[in-house]
Amino acid sequence: MFRKKEKNRIVVKVGTSTLTHKTGKTNIARIAKLASVLSDLKNAGYEVILVSSGAIGVGTGKLRLSEKPGTTKGLQAAAAVGQCELMFLYDKLFSEYGVVVSQLLFTSDELYNAESRMHLVDTFNQLLEYDCLPIVNENDSISVEELLNGDNDCLSARVAKITDSDLLILLTDTDGLYDSNPAENPDACLISRVDEINDEIRAIAGGAGKKGTGGFITKVKAAEIAVSAGIPVVIMNGAKPTDIYKVLDGKQIGTFFKAVEK
């Protein structure tokens, strides 16, 4: 599966459903465990980039709203509040392990603009050289299209691509990609390996979860972006962050998407 390279650079994307409880409030224990695992990976010599969703979900809880706002401006406001709370938690939890974090907020426009992309890559590389852990999110308060489409999955794949990372791990609220919806079909089977993303795999991909704005459709799209750039992808359950160790040890966890040979 994942073969270690010299720099061992990995991108980990975590979704709203992993970061929050069913109540909509922040799952502090889950975030704390994720911070300890990623900090330990840095100690082991990995370069780690974290792409974090959850600003809207955390902001909704922080504002004591019963559900996500139904208007674009409401979502933007919730994202602005939630981003502060998320970074406060990340900074506090990672600092317990001596890890310095940094915040990078941008939109797809910066990735498609050659000059902006170059500056962004320079920033990533310098932060990693400084031994920082970059934390990335969409700039939801100004990027309406991304806000509504919930495409942090694809953002994480593009981040992996421009930073020439070795592996992309997508943490979600299921064990991986199933051949049918496990919530509706008790006989649904986990697809442990995908060697080629074809129309059948795209058709299998499910819809959005209750708290996130993305779903398995966006995850498969993200996997397609990454594997086409020669970067393998693992979709796994974010409830057990320690399973990331097993992934890096080459064990079968979640759904593995094979990279296209370059």
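Analyst: If neighbours within four places in sequence are left aside, Ile 244 is in contact with Leu 34, Val 37, Leu 38, Leu 41, Ile 169 and Met 236, where contact means heavy atoms within 4.5 Å. This is a predicted model, in which local features need pLDDT of at least 70 and side-chain atom pairs count only at pLDDT 80 or more, while totals for chains, interfaces and linings use all residues. Residues are numbered from 1 along each chain as its sequence is written, and side-chain values use heavy atoms, with hydrogens and water left out.

Ile 244 belongs to the largest nonpolar core, which has 39 residues, and is among those that touch the most other members, together with Leu 38, Leu 41, Leu 50, Tyr 90, Phe 94 and Leu 133. Such a core is a set of buried Ala, Val, Leu, Ile, Met, Phe, Trp, Tyr and Cys residues joined through side-chain atoms within 4.5 Å; buried means under 20% relative accessible area, exposed over 50%, and partly exposed in between, with a 1.4 Å probe and protein chains only. Helix α4 gives the most to this core, with 9 residues. A second, separate core holds 38 residues, including Val 121, Phe 216, Ile 231 and Val 233.

Two of the core residues named above also face each other as rings. The whole structure contains 2 aromatic pairs, and in one of them the ring centres of Tyr 90 and Phe 94 are 6.2 Å apart with the planes at 40 degrees, so this pair is tilted. (Rings of Phe, Tyr and Trp, the last by its six-membered ring, pair if their centres lie within 6.5 Å; planes under 30 degrees apart are stacked, over 60 edge-to-face, and the rest tilted.) Both residues lie in helix α4 (residues 72-95), 4 residues apart, which is about one turn of the helix; helices (H or I, at least four residues) and strands (E, at least two) are DSSP runs numbered from the N terminus. Tyr 90 counts as buried at 2% relative accessibility, and Phe 94 counts as buried at 0%.

The other pair, Phe 106 with Phe 124, is edge-to-face, at 6.5 Å centre to centre and 90 degrees between the planes. Because Phe 106 lies in strand β3 (residues 101-106) and Phe 124 in helix α6 (residues 114-129), this pair ties together parts that are 18 residues apart in sequence. Phe 106 is buried with a relative accessible area of 5%, and Phe 124 is buried at 0%.

Phe 124 leads on to Thr 163, which touches Phe 124 as well as Arg 9, Val 11 and Ile 49, residues up to four places away in sequence not being counted. Thr 163 is placed in the loop between α8 (152-162) and β5 (167-172) and is buried at 2% relative accessibility, and its side chain reaches the backbone oxygen of Val 159 at 2.6 Å.

Helix α6 also holds Leu 128, which counts as buried at 8% relative accessibility. Leaving out residues up to four places away in sequence, Leu 128 touches Arg 9, Glu 47, Val 48, Ile 49 and Pro 134. Of these, Val 48 is 80 residues from Leu 128 in sequence, yet the two are 8.1 Å apart in space, C-alpha to C-alpha.

For the protein chain as a whole, 52% of the 262 residues are buried, and the secondary structure comes to 11 helices and 8 strands.

Terms used: Polar contact = N/O pair within 3.5 Å; in protein donor to acceptor, adjacent residues only side chain to side chain.
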